[in-house]
Amino acid sequence: MGEFVLSWVIVSSGALVRRRKSSARLLAVLLLALPSFLLGQTDSSDRPVPMLTGSAGLFASGNGGDRELVPVVMPVILVPLGERWLVEARGEFKGEFEKPAGRGSFGGPVEKELDYAELDFIANANATVTVGRFLTPFGIYNERLYPVWIRSLQPVPTIFPIGSGSGNGVMLRGGLPASPNANVNYAVYFSTNSTINKLESDRLAGGRLGVFFPRQRVEIGASFQQLLQEGRYRSAGFHFAWQPTAAPLNLRSEFAWSGEQGRGYWIEGAYGLSQISQWQKVMRHTEAVARVQQFFAGGITRDTAADYGLPIVNAQVLDLGGNYYFRDGLKATASYGREFSSMGNFHRWTIGTAYRFAFPLGRL
C-alpha cells in the first residue's frame with residue numbers, strides 16, 4: 001500500500017502545482033509527504049541525516065561593452081528515507097544585474113528555477129530508478145560540472161543548451177563492470193511535455209552510455225536524444241574525460257549536434273600548479289585553465305537561437321583562466337577570453353568567488 005500511495009503522491013503533485021502554479025508546492029509535497037510513508041520501511045534507529053548543501057557565488061563579468069553582476073545560490077536538499085530511497089532537489093536563484101556601457105547602476109531580473117526534484121529508488125548495485133524532475137543526462141556538463149563551485153571556468157560552453165536542461169518523467173541509470181579494466185555507466189529516460197511555470201519540459205526520450213577505464217583514468221561516452229513533439233528533431237553527443245596519474249591535469253571535452261540547434265565542441269584542460277617547486281604555498285592552491293570551443297550555426301533560425309541562448313552565426317571562443325583555493329569549500333576565480341564571429345569580435349571576462357556549503361538538518 002505504501003508503494004501505491006507513494007506513486008499517487010508523485011503523479012498527483014503535478015496536478016497540485018498546476019492548480020496552485022507554484023513550484024515550491026511540489027517541493028513541499030516531496031519533502032513533507034513522502035517521509036510519512038517510507039520511514040516505516042527500515043527498522044534501524046540510526047538513520048542517515050538529511051542535508052542542506054550546494055554552492056553560492058558572486059561574479060562580475062563583461063562581454064564586449066556589457067557589464068553584469070551575477071550573484072547565484074544553488075541549494076541542494078538531500079533526504080534519505082531508509083536504505084534505498086532518497087529525495088533530492090536543487091533550486092537556482094540567479095541575479096543578472098546589468099550596467100549600461102560606462103554609466104548607470106546595475107539592475108535586472110532575478111531568475112528562480114527548480115533544476116530537479118526527484119525521488120530515487122536504489123533497486124540494486126547496478127540500477128537506480130528516478131521519478132520526478134531530473135537533469136537530462138546528455139553529455140557530462142549538465143549533471144557533473146554545472147554548479148558554480150565545480151566549474152573550472154564560470155562561462156558555460158556555447159553548446160551547453162544542446163540536449164541539456166531538465167525533464168519531468170522517469171529515468172533508469174546505473175553502472176556495472178564489463179571487465180577488470182572497464183566499467184560501464186548508463187542512463188535512459190523519458191520526459192513528458194509540461195508548460196507549468198518553473199517546471200517546463202519537452203516530451204522527449206534519450207539515453208547516455210559511457211565506459212570508464214580505471215587504470216588509464218579515461219572515460220568516453222555517447223548521448224542520444226529524440227524530441228517527441230513539434231519539430232521532432234534528434235540530438236547526439238560524445239564526451240571524453242581524462243585524469244592522468246603523472247600530472248594534476250583534468251582534461252574534458254564534449255561534442256554535440258542537433259538537427260535544429262546546430263553543432264559544436266569544447267575542449268578544456270585544468271592543471272594544478274602543485275608540481276612547480278617555487279612559491280609552493282601559493283602554487284599548491286592554484287589551478288590554471290584553458291578552453292577552446294567552436295560552434296557551427298548551420299540553419300539555425302533567430303527565434304531558435306534566442307530561445308536557447310545560442311549564436312546565430314558560426315563562432316569560435318578561447319578562454320584562459322585560473323582558480324585559487326583558499327581552503328576546501330572556498331575559491332576565487334577569474335578568466336579572460338575572446339570570441340570571434342562574423343558579427344564581430346568581443347572580449348569576455350569574469351572575476352568572482354564561489355563557496356560550497358553543507359549543513360546537517362537533523363534526524364528524521
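Modeller: This is a predicted model. Start with a contact: the side chain of serine 201 reaches the backbone oxygen of threonine 192 at 2.6 Å.

Biologist: How far apart may the atoms of a polar contact be?
Modeller: The N or O atoms must lie within 3.5 Å. Here the serine 201 contact to threonine 192 is at 2.6 Å.

Biologist: Where does serine 201 lie?
Modeller: Serine 201 sits in the loop between S8 and strand S9, which covers 204–213.

Biologist: Is serine 201 buried or exposed?
Modeller: Buried means under 20% relative accessible area. Serine 201 has 5%, so it is buried.

Biologist: Now the surface. Which residues make the nonpolar patch?
Modeller: Val129, Val170, Leu172, Val188 and Phe190 make a nonpolar surface patch of about 340 Å².

Biologist: Which strands each supply at least two residues of the nonpolar patch?
Modeller: Strand S7 (166–179) and strand S8 (182–192) do. Valine 170 is in strand S7.

Biologist: Why does valine 170 count as partly exposed?
Modeller: Partly exposed runs between the buried limit of 20% and the exposed limit of 50%. Valine 170 has 39% relative accessibility, so it counts as partly exposed.

Biologist: And charge? Which residues gather in the patch of negative charge?
Modeller: Asp and Glu count as negative. On the surface, Glu230, Glu260, Asp303 and Asp307 gather in such a patch.

Biologist: Where does aspartate 307 lie, and why does it count as exposed?
Modeller: Aspartate 307 is in helix H5, residues 302–308. Exposed means over 50%. Aspartate 307 counts as exposed because its relative accessibility is 64%.

Key. Residues are numbered from 1 along each chain as its sequence is written. This is a predicted model: local features need pLDDT of at least 70, side-chain atom pairs count only at pLDDT 80 or more; totals for chains, interfaces and linings use all residues. Side-chain values use heavy atoms; hydrogens and water are left out. Patches are made of residues with over 30% relative accessible area and no salt bridge: like charges are joined within 9 Å, nonpolar side chains (Val, Leu, Ile, Met, Phe, Trp, Tyr) within 5 Å. Accessible areas come from the Shrake-Rupley method with a 1.4 Å probe; for residues, only the protein chains shown count as cover. A salt bridge is a side-chain nitrogen of Lys or Arg within 4 Å of a carboxyl oxygen of Asp or Glu. The place of a charge is taken as NZ of Lys, CZ of Arg, CG of Asp or CD of Glu. Helices (H or I, at least four residues) and strands (E, at least two) are DSSP runs, numbered from the N terminus. Buried means under 20% relative accessible area, exposed over 50%, partly exposed in between (1.4 Å probe, protein chains only). A polar contact is a pair of N or O atoms within 3.5 Å; within protein, one must be able to donate a hydrogen and the other to accept it, and residues adjacent in sequence count only if both atoms are side-chain atoms.
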